[in-house]
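Dear colleague,

Please find the structure below. My notes on it follow directly after.

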Amino acid sequence: MSEYRVLLKSLGRETVLTSWELLKITVPVVILTKILEESGGIVCLSNLLEPVMGLVGLPGALGIVWATAILTSLYGAMAVFAVLSPDLHLSIGQTTVLCSLMLIAHSLPLELSISRKAGAGFAVMGVLRLTGALFFGFVLNSIATFLHIWQEPASLLFKGRQRSLALAQWGVEQIWNLLLLVGVIFCIIVIMRLLRAAGILALLEGFLAPVLPFLGMSRQAAPLTVVGMVMGLSYGGALIIREATSGRLERMEIFNSLALMGLSHSLVEDTLLMMAMGSSLLGILWGRLLFSCLAIFFL
């Protein structure tokens, strides 16, 4: 019984700490989005971003969702998405494209700083991730349109009502959406621990490691890269920083490792988050992984 208490306490503590980081980002973002919506700012931003989002088959209004992801985090972008999605009637294909953009290019101020400390240029990695996101989004949208797949309405976990709400009602719905996010975080923490205990994460590492030497990395860099891809850029990047300063890795394989992690990282946690937005696992996981490996191979 005491072991279960310790486990629940550990899960609760991790959930609270993660959720607090979420709330610090999302609450101001949600309020700002509401102000922009009421003042007509969303329409103005949509008009500015429409040409870019139009390249990947998305409404211009979703540009602010991706911009939020780029500057803050996936959590902040999901909060904005919850406000805007009821009026957009998105298909599975559109949410898959949007989530792919967000997965490749998010939290850039933080993650590009990690890449720079590890030896990859801030601007170079930024261009790689932004252009990579747009190119992959374009490819996904073209495939979905040509093959007529993912045309069904997306099943969204986070959404509000389409009619105009009084401020108090709007506040209640946003609190509910935030609570749903906290619930998702708790579930992801549990799933990650189960996957680690069952050896699934080790299996994923074993699956990816043999491929990395074909992408310009030695076997010495492979374990670190795989950790970053599976667990997240912040963790993997920290290990790369340590290895980069040790002089055991060549400059080019450090860049290749960070580039691959930049395009595909946190394959478990972030993928689960994006599935809650109604996207297709085939596109946001397997498609992104294939695209990332091909991109680094050609680089």
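L282 is exposed, with a relative accessibility of 55%; here, exposed stands for over 50% relative accessible area, buried for under 20%, and partly exposed for values in between, with a 1.4 Å probe and protein chains only. The model is a predicted one, in which local features need pLDDT of at least 70 and side-chain atom pairs count only at pLDDT 80 or more, whereas totals for chains, interfaces and linings use all residues. Residues are numbered from 1 along each chain as its sequence is written, and side-chain values use heavy atoms, with hydrogens and water left out.

L282 is placed in helix 14. Helices are DSSP runs (H or I, at least four residues), numbered from the N terminus. Together with F207, M275, L281 and W286, L282 forms a nonpolar patch on the surface, with about 520 Å² of accessible area in total. Such a patch joins nonpolar side chains (Val, Leu, Ile, Met, Phe, Trp, Tyr) within 5 Å, taken from residues with over 30% relative accessible area and no salt bridge; areas come from the Shrake-Rupley method with a 1.4 Å probe, and for residues only the protein chains shown count as cover. Helix 14 supplies the largest share of the patch, 3 residues.

S292 also belongs to helix 14, which spans residues 281-298. S292 is buried, at a relative accessible area of 0%. Its side chain reaches the backbone oxygen of R288 at 2.7 Å, which is a polar contact (a pair of N or O atoms within 3.5 Å; within protein, one must be able to donate a hydrogen and the other to accept it, and residues adjacent in sequence count only if both atoms are side-chain atoms). Leaving aside residues up to four places away in sequence, S292 touches L260, L263 and S264, where contact means heavy atoms within 4.5 Å.

R288 lies in helix 14 as well. R288 is buried but has no salt bridge, and D270, the nearest side chain of opposite charge, is 6.2 Å away. With the same exclusion of residues up to four places away, the contacts of R288 include F136, L263, S264 and T271.

The structure holds 1 salt bridge, defined as a side-chain nitrogen of Lys or Arg within 4 Å of a carboxyl oxygen of Asp or Glu. R129 and E111 form a salt bridge, their closest N and O atoms being 2.8 Å apart. R129 is in helix 7 (residues 122-147) and E111 in helix 6 (residues 108-118), so the pair ties together parts that are 18 residues apart in sequence. R129 counts as buried at 0% relative accessibility, and E111 counts as buried at 6%.

With kind regards

Conventions
Helix = DSSP H or I, 4+ residues; strand = E, 2+ residues; numbered from the N terminus. Patch = residues over 30% accessible without salt bridge, like charges linked within 9 Å, V, L, I, M, F, W, Y side chains within 5 Å. Lys, Arg positive; Asp, Glu negative; His and termini not counted.
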